[in-house]
Amino acid sequence: MTKTSASILILGAGGDLTKRLLLPGLASLLTRREYDVQVIGAGLDDRSDVWDEIVRTSFEAADVGADPDALLDSTEYIPADATSAEVLKRLLDACAHTPVIYFALPPAVSAKVCEALREVELPEGTRLALEKPFGTDLESARRLNRLLTLLVPEEQIFRIDHFLGMSMVLNVLGLRFANRVLEGAWRAEHVERVEIVFDETLALEGRGGYYDSAGALVDMLQSHLLEVLSLVALEPLPRLDQAELRSNIAQVLRSTRVWDDDPVAASKRARYTAGRVGERDLPSYVDEEGVDPARETETLAQITCAVDTPRWRGVPFVLRSGKAISADRTTVTVRFKPAPEIPGFIGEPKSDSIVLDLLSGEVALDLSMNGSGDPFTLEQTRLSTDKAPGDLLPYGQVLEGILDGDPLLSVRGDIAEECWRIVAPVLDAWRDGLVPLEEYAAGSAGPDGWGTAAG
Ligand SMILES: O=C1O[C@H](COP(=O)(O)O)[C@@H](O)[C@H](O)[C@H]1O
């Protein structure tokens, strides 16, 4: 059988994403599946001298004993300004196989590169992969989509959301649809609320320049957490293929809006002040490198959404993500309505819940049952699986789709636009100062009283 081949041309390869996520993801994929892959890094700075070392260290970071010399056909770095059509032609000439042009670039630069690509004859089968954020708002996302579809068909466009490559995110579908006990209860009749939380102990980690222009809402909720919401809320699929999955995701998101259409009541924002997270002292967010103190950038965002489908009408979906929080909490929690009181038993049944940990892969079920003492006293007990984070790194999973030409795990253009449409009223309300920017000390659990139960 012939091996699939591709030349991955990374634009903006000098950035943090390439070495922290993209190359380790590629290494984790190439140690599991054989491809003929050439990697060309390109960027404004000249990194030619250090490129081999960057690739080697990034492959080692994947922790899979990956040796780039054994796994890659070849790799090189070409200093280049990819907003020029002439330069792009030169870069594409260096590709030995069908190119995957990977935009590890800010959205405005991606748009300029797309303009320049209109003057370039792209080799048959060229794929375009774009990092988030996809645009900076609904309008710019629409413009970028229009530009992209002038270049290649939608099926050759891969808008990256590495959460779609997390094994537990994908497991949401299997868990739901393969288990009658869950699928039967997975609806408004039984579910009280759904909480999708991605709180991190990590802070900016040198990404202040990017983060300060995004904030937690755009960095995490507008993209990743809305995708997770769509999988939790999805209707059963007639087939698991890219067309069915993405059409159904789009349908869920088209039915999703801010709770009560009231972005002020349905959203909260805060940012960290100086504090200690684990063993690390952190400065106040405004004193971090790359941060403009005049901007009101939030490092913790929460919104409540409604999914207005017959299955979910009336169930709040709370999405929250923060940086520099006391402990990592990366969970989807489906809280069921409490059962009616049972005569003769001591204690009321509490809400059962199922908790899926997106990073560790642990699944836990909190149930009310008779404890070890009095046989008629109800206690809440947790049944949980082992941690099973998945073999392939999320970026490896997503790259596999790109190399195989299957956009199943990438974001379709209309979906990216829907995600912007959902958060737009919140962004407007925040820009107009209608929602106060609260504060929390780095290393704390966030401001009090936000209403997402911990754990
Ligand atoms: O895309 C992003 O995701 C990470 C969290 O995902 P992980 O796979 O690295 O755990 C987040 O820290 C980062 O701010 C955001 O840009």
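A residue counts as buried when its relative accessible area is under 20%. The exercises below apply to a predicted model.

**Exercise 1.** Identify the buried residues of helix H7 (residues 167-177) and state what covers them.

*Solution.* Applying the cut-off to H7 gives Met-168, Val-169, Val-172, Leu-173, Leu-175 and Arg-176.

**Exercise 2.** Describe the largest nonpolar core and where its residues come from.

*Solution.* This core contains 114 residues, and Leu-11, Leu-117, Leu-229 and Phe-317 have the most contacts inside it. Helix H9 (residues 208-233) supplies the largest share, 14 residues. At least three residues come from each of domain 1 (4-131) and domain 2 (164-389 + 406-441). Consider next the surroundings of Leu-229: beyond its neighbours within four places in sequence, Leu-229 contacts Ile-196, Val-252, Leu-253, Thr-256, Cys-305, Val-307, Phe-317 and Leu-319. A separate second core has 35 residues, among them Ala-6, Tyr-35, Val-100 and Ala-104.

**Exercise 3.** Determine how H9 and helix H12 (residues 413-431) are oriented, and which residues meet.

*Solution.* Two packed helices are described by the angle and the distance between their axes. Here the axes come within 10 Å and cross at roughly 140°. Angles over 145 degrees count as roughly antiparallel, so H9 and H12 are classed as oblique to each other. The crossing is right-handed. At the contact, H9 contributes Leu-217, Val-218, Gln-222, Leu-226 and Glu-227, while the H12 side includes Cys-419, Trp-420, Val-423 and Trp-430.

Note on methods:
Residues numbered from 1 in each chain as written. Predicted model: local features only at pLDDT ≥ 70, side-chain atom pairs only at ≥ 80, totals over all residues. Heavy atoms only, no water. Core = buried A, V, L, I, M, F, W, Y, C linked by side-chain atoms within 4.5 Å. Buried < 20%, exposed > 50% of the residue type's maximum accessible area, 1.4 Å probe, protein only. Helix = DSSP H or I, 4+ residues; strand = E, 2+ residues; numbered from the N terminus. Domains from an automatic or database assignment. Contact = heavy atoms within 4.5 Å. Axes fitted to C-alpha atoms, helices over the stretch in contact; angles between N-to-C directions. Parallel < 35°, antiparallel > 145°, perpendicular 65-115°, else oblique. Left-handed = near helix turned anticlockwise from the far one by under 90°.
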